[in-house]
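Dear colleague,

I am handing over the structure we spoke about, with the sequence and the model placed just below. After it you will find what came out of going through it, arranged by topic.

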Amino acid sequence: MQSSNNHWEEFYKEDSAPNNPSPFAGWAGDRINPTSRIIDIGAGNGRDSKYFSTMGHQVLAVDKYSEPKGKFFHHKGEIFDMSDIKCDVVYSRFFIHAVSELVEEDLLSYALRNSHHLFIEARSDKNEEGFEYQYGEHYRRLINFEKLLEEMWLRGFHIREAHESRGMAKYKDEDPVVIRIWATSPPYKK
Ligand SMILES: C[S@@+](CC[C@H](N)C(=O)[O-])C[C@H]1O[C@@H](n2cnc3c(N)ncnc32)[C@H](O)[C@@H]1O
């Protein structure tokens, strides 16, 4: 198996990833207050960062392996590099299923401490492929909706909206079951 690092570096070098904003960016964008500070974690080629910045938000795209280009800030690294940076929104699309449970925990802790809103979209384990599998040459950890919601609730998030279904992230002939969550962290945690 090719390591995930090489997979993402090669994938974004090829420049074949879609450049248009994802449907999730539109969904989250409708719920984000004007002129917010947004951290897009696992931003890939920056397709959604670009969208948010054209909507008038201030965006920091964070990605360990790719270097998105556009009119937004970019940091090549991980979420825990950002330990003291406050923002209004942490946005993470198709990120948590591409990383380990430990990185997912870093993301939740970071958002709880430093951000008011958290948006997550990820592939669900209700897909026929099962809990954990390799796709092409890279690893994916499919996400259990109920377990993630419980984990977030226990950590203190308010779940504002949560959905799990097909039809939300269609791409070419693929229509996977995906999870969408909009959560806020309470001000008393700060
Ligand atoms: C499936 S892509 C999603 C890209 C983009 N959000 C989108 O929806 O098009 C996952 C991204 O996570 C990045 N990534 C993987 N592990 C990471 C980590 N530990 N910290 C930051 N970024 C990471 C990869 O480089 C890749 O760009």
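Predicted model: local features only at pLDDT ≥ 70, side-chain atom pairs only at ≥ 80, totals over all residues.

Residues are numbered from 1 along each chain as its sequence is written.

The overall fold

The chain holds 5 helices and 9 strands, taken as DSSP runs numbered from the N terminus, with helices being H or I of at least four residues and strands being E of at least two. Along the sequence these elements follow the pattern α-α-β-α-β-β-β-α-β-β-β-α-β-β. The radius of gyration is 16 Å, close to the 16 Å that the globule rule gives for 190 residues, so the chain is as compact as a globular protein of that length; the radius is taken over C-alpha atoms, and the rule is 2.2 Å times the number of residues to the power 0.38. The C-alpha atoms fill a box of roughly 45 × 35 × 30 Å along the principal axes.

Of the 190 residues, 36% count as buried, a residue being buried if 20 or more other C-beta atoms lie within 10 Å of its own, exposed if 12 or fewer, and partly exposed in between, with C-beta atoms placed from the backbone. Among contacts with a separation of 6 or more, 58% come from residues 24 or more positions apart, a contact meaning that the two C-beta atoms, placed from the backbone, lie within 7 Å.

The sheet and what packs on it

Seen as a whole, the open sheet has 7 strands in the order 3-2-1-4-5-9-8, with mixed pairing. Its edge strands are strand 3 (73–76) and strand 8 (158–165), each of which pairs on one side only. Neighbouring strands of this sheet are turned by 15 degrees against each other on average, direction ignored. Helix 5 (residues 145–155) packs on the sheet, where it touches strand 8 and strand 9, and its direction makes about 175 degrees with that of strand 8; axes here are lines fitted to C-alpha atoms, for helices over the stretch in contact, and angles run from 0 to 180 degrees between N-to-C directions.

Strand 4 and strand 5 pair in the parallel sense over 5 bridges, and Arg93 stands opposite Glu121 in strand 5. In a regular strand the side chains alternate between the two faces of the sheet. In strand 5 (residues 117–123), 7 of the 7 residues are buried, with His117, Phe119, Glu121 and Arg123 on one side and Leu118, Ile120 and Ala122 on the other.

Ile181 belongs to strand 9 (residues 178–184) and counts as buried because 23 C-beta neighbours lie inside 10 Å. Leaving aside residues up to four places away in sequence, Ile181 touches Ile120, Ile159 and Ala162.

Helix 3 (residues 47–54) is mostly covered, with 6 of its 8 residues buried, namely Arg47, Asp48, Ser49, Lys50, Tyr51 and Phe52. These buried residues pack against helix 2 (23–29), strand 1 (37–41), strand 2 and strand 4 (89–93). Just after helix 3, Gly56 takes a positive phi of about 95 degrees.

Around the ligand there are 18 residues, of which Trp8, Gly42, Gly44, Lys64 and Tyr65 come nearest; a residue counts as near if its C-beta atom, placed from the backbone, lies within 6 Å.

Two loop residues to look at

Thr35, in the loop between helix 2 and strand 1, has a positive phi near 45 degrees although this residue is not glycine, and Thr35 is exposed, with 10 other C-beta atoms within 10 Å. Lys172, in the loop between strand 8 and strand 9, likewise has a positive phi, near 50 degrees, and is exposed, with 6 other C-beta atoms within 10 Å.

With best regards

Methods: Pairing = 2+ DSSP bridges.
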